[in-house]
Amino acid sequence: MPLEEQRTLTRLAGLVQGVVWQADPQTRNATFVSERLTAMTGFTPQQWLTTPGFWEAHLHPEDRAQVMQAHAQSMHSGEALSLEYRFFAADGRVLWLRDLMTPVMEGGQLVALGGVMLDVTAEREQQGALRAARDRFEQVFQTSPVGLALIDTASGQVQQANPAFWAVVGGPLADLYGAGPHGQPLWTEPQDQEALRAALTGGQAAHDLPARWQRQAGPESPAEVRDVRLSAEPLDAQAGTSLLTVEDVTERLKAETQLKASERRFRALVQHSHDLLTVVRPDGELIYASPAMSEVLGHDGEAVRGEQVLDHMHPDEHDAIRAEFAKAVFGGPGATARLTSRFRRRDGQYRYLEWVATNQLDDPHIRGMVMNSRDVTERVESEQALQDSQKTFAALFEASPDAILLVDFAGDMPIVQCNEVAARMRGYTREELTGQSTYLSLPGGAALLADHAANESFRQRVRETGRLYFDAEHLRKDGSIYPVEINLALVTLGGREMLLSVERDISARRDAEAALQSSQTRLLASEKLAGLGRLTAGLAHEINTPLAATMNELHEATRLTQEYQDSAGHPEVTPDDHREIARELGAALDAAGRNLTRIGDFIRKIRSHTRDAATGRHSFDAVRAVDDTLAMLAHEARAAQIQLHFERPKEAVTLHGEPGRLTQIVTNLVVNGIHATPPGGTVTVRFGEQEGARTLQVEDTGSGIPTAVLPRIFEPMFTTKEVGKGTGLGLSIIHDIVTGHFGGEIGVQTHTGQGTTFTVSFPNKGPEAPADISRPAEATP
């Protein structure tokens with residue numbers, strides 16, 4: 001077909017109030033569907049044409065077999081088919097469609113197939129409503145709350161009546177104009193009876209005739225006078241039958257009296273209400289505004305009468321307001337429309353008002369659209385702020401460098417939502433990770449998930465604290481394990497307990513920490529070697545001197561022994577000579593023994609000083625430990641021409657801890673003092689007491705510590721010494737030992753050019769368990 005003809009046919013198909021369709025007669029696949037398909041079903045023609053079996057798939061299951069059979073018969077016979085069936089729209093609604101299918105046959109063969117689908121949902125609903133109305137009408141006579149009776153027009157004989165009629169009368173009534181059920185008069189006012197009789201016998205209808213009837217006492221109602229409204233309508237002039245309706249308005253009249261009083265109260269409320277009440281004509285003209293107009297918008301209610309309501313509303317919203325307002329205008333009596341719009345105050349500012357327009361055009365007292373408007377500016381601004389906050393949170397959620405997950409706290413703790421970082425960190429896509437139990441991200445997660453007691457214990461712990469912070473290991477999709485830092489917070493969203501988990505991959509940090517630890521270990525080793533170098537120098541000096549004297553004495557003893565041996569039996573050697581040789585030999589051996597004792601004492605001090613610090617916590621003699629340490633440092637002090645003094649206390653000093661730790665403190669502080677003091681200076685060590693606590697002071701007469709350097713002296717790796725002469729770990733180690741191991745404090749007083757005093761305060765009793773001091777006890781500054 002030429003393109004222009006196709007376009008013409010497409011336009012013509014669009015004018016049909018239905019969906020025009022065409023299908024291949026062999027495959028039954030649609031080859032054309034008009035654009036009205038979208039408006040009718042919500043589906044696009046493209047969906048219909050490109051999806052095999054689309055039409056059959058959306059048939060109602062209860063209608064599918066019948067429809068398919070009817071279509072097959074029509075295609076076989078070539079007869080046109082009109083069939084109604086149910087069809088599922090895109091939004092899930094069930095539509096009733098009338099399908100007018102026309103097969104085209106040539107030579108007994110089906111060569112073309114087309115038709116029109118019409119939406120008959122409303123027609124079906126109307127038919128159903130009509131059937132329901134007919135069913136209800138069959139019962140209305142008996143169930144109507146209004147009394148109904150068929151009476152003889154001339155005699156007033158009651159031919160048929162419903163229960164509501166008997167309830168008003170109070171019992172069976174044979175003659176409307178005669179006596180009541182128990183022989184008592186029915187009418188309390190004869191003129192009312194005559195007015196009804198005159199209307200009926202005159203062949204005229206009567207409407208809303210007021211009357212008063214004497215209702216007889218019944219099983220459930222007392223005898224009393226009731227106000228009624230009577231209406232009569234001749235039904236059949238030949239048969240002389242009329243329909244009488246009786247409405248008991250006793251309660252209504254009472255209610256009307258109460259209503260009038262209520263209306264007076266209502267008017268008072270309207271006048272004092274903070275809500276703005278206005279009455280607007282369908283064209284938008286204001287015909288009434290309550291006094292709240294002044295409070296809400298700053299206008300005088302009388303002054304705005306006759307103005308257009310749209311003149312007080314934001315221009316950008318006029319189209320939406322007209323469309324919504326029209327729903328109430330054309331929706332009939334009682335129809336409403338609701339919208340939140342911006343209204344301009346007299347000062348030019350805009351306020352958000354939520355308004356409801358109700359169609360009261362048929363009310364003779366109103367004759368307009370009643371608009372009830374409430375100022376909701378604060379609420380709207382809060383909602384807008386909340387939306388902005390949610391958008392901000394969503395942006396932060398996605399842009400965060402950390403993994404963020406929202407986990408359902410119940411059941412197996414499935415992941416409800418996560419950002420891209422969380423999925424990538426675990427090696428999954430978001431779709432794969434969402435819905436997965438968070439336990440499966442842990443090594444051995446399946447076993448943990450099966451441990452109900454452990455799960456409940458974890459939940460209880462989270463509920464008690466509200467949040468948890470810890471390091472763990474996670475399992476990637478490929479089976480690799482990586483360290484992660486987790487921050488959990490328990491939140492409540494929509495009444496559900498949820499876990500907000502913020503996670504960070506700390507693999508790089510762990511590697512950096514390991515590298516730093518390795519570097520520190522090497523530095524500490526070099527520090528230890530430096531300390532051993534000083535000890536070796538002192539050891540050589542302190543041992544060589546008494547050892548040389550011992551060798552001399554032993555050499556003398558050897559000579560005397562040989563002399564004694566050579567003099568044995570010599571005629572000129574007297575016993576006195578032998579005794580002299582023996583006395584000299586004994587003196588030489590005694591001197592050698594004293595020298596060896598001195599070497600032994602020194603070696604004992606060396607062992608006390610150099611043994612590993614982790615010897616166990618116990619009470620020990622602090623004075624002896626300091627004395628032994630200073631003996632080891634004496635050579636270094638002499639080499640530096642520094643006088644080393646120890647002011648021994650008169651009383652014993654007992655500390656609780658590891659003696660090697662105290663040795664390390666004294667060694668570092670004294671060596672630092674020696675290095676800071678020029679030749680001829682003094683380093684003094686003393687015990688004391690301040691505020692009930694034992695103190696150890698190391699005082700030097702050196703150059704002092706500069707003010708700019710003083711705040712950093714306890715920092716790790718900080719040193720003022722030349723490169724190669726210090727690691728900057730000494731005072732940092734001492735600080736950790738004093739505070740961590742002994743639970744004490746260390747302070748410093750310094751004066752430039754005069755000297756420095758370090759004061760270590762020991763508590764009466766140290767910590768119950770030693771702190772984790774990883775630096776070796778032998779480390780020195």
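R226 is buried, with a relative accessible area of 8%; here buried means under 20% relative accessible area, exposed means over 50%, and partly exposed lies in between (1.4 Å probe, protein chains only). The structure is a predicted model, in which local features need pLDDT of at least 70 and side-chain atom pairs count only at pLDDT 80 or more, while totals for chains, interfaces and linings use all residues. Residues are numbered from 1 along each chain as its sequence is written, and side-chain values use heavy atoms, with hydrogens and water left out.

The side chain of R226 meets that of D248 in a salt bridge, at 2.9 Å from N to O. A salt bridge is taken as a side-chain nitrogen of Lys or Arg within 4 Å of a carboxyl oxygen of Asp or Glu. This pair links distant parts of the chain, with R226 in strand β9 (residues 224–236) and D248 in strand β10 (residues 241–248), 22 residues apart. Helices (H or I, at least four residues) and strands (E, at least two) are DSSP runs, numbered from the N terminus.

A second salt bridge joins E503 to R426, whose closest N and O atoms are 2.9 Å apart. Because E503 lies in strand β20 and R426 in helix α13 (residues 420–426), the pair ties together parts that are 77 residues apart in sequence. Both E503 and R426 are buried. Another salt bridge brings together the side chains of E485 and R509, again with 2.9 Å between N and O. Here E485 belongs to strand β19 and R509 to helix α17 (residues 507–567), so the pair ties together parts that are 24 residues apart in sequence. E485 counts as buried at 12% relative accessibility, whereas R509 is partly exposed, with a relative accessible area of 34%. Salt bridges that share partners also join R215, E224, R226, D248 and E251 into one network. Over the whole structure, the search finds 44 salt bridges.

Turning to the aromatic residues, the structure holds nine aromatic pairs. Rings of Phe, Tyr and Trp (its six-membered ring) pair if their centres lie within 6.5 Å; planes under 30 degrees apart count as stacked, over 60 as edge-to-face and the rest as tilted. One of these pairs, W48 with F87, is stacked, at 5.9 Å centre to centre and 25° between the planes. W48 lies in helix α3 (residues 45–50) and F87 in strand β3 (residues 81–88), so the pair ties together parts that are 39 residues apart in sequence. W48 counts as buried at 8% relative accessibility, and F87 does so at 0%. A further pair, F646 with F687, is edge-to-face, at 6.4 Å centre to centre and 65° between the planes. It too links distant parts of the chain, with F646 in strand β22 (residues 643–647) and F687 in strand β24 (residues 682–690), 41 residues apart. F646 and F687 are both buried.

F43, W48, F54 and F87 form one aromatic cluster. Contact means heavy atoms within 4.5 Å. The C-alpha atoms of A90 and F43 are separated by 5.9 Å, although these residues are 47 apart along the chain. A90 itself counts as partly exposed, at 43% relative accessibility.

Charges over rings are also found. The charged end of R124 sits over the ring of W96, 3.7 Å from its centre, and R459 lies over the face of F409, at 5.7 Å from the ring centre. The criterion is that NZ of Lys or CZ of Arg is within 6 Å of the ring centre and within 35 degrees of the ring normal.

R459 leads on to helix α16, whose buried residues are N455, R459 and V462. Seen down the axis of α16, these buried residues fall within an arc of 65° (the arc of the directions from the helix axis to the C-beta atoms), so they line one face of the helix. They pack against α15 (445–450), β18 (467–475), β19 (481–493) and β20 (496–505). On the other side of α16, A453 and E464 are exposed. The helix is followed by G466, whose phi is positive, near 85°.
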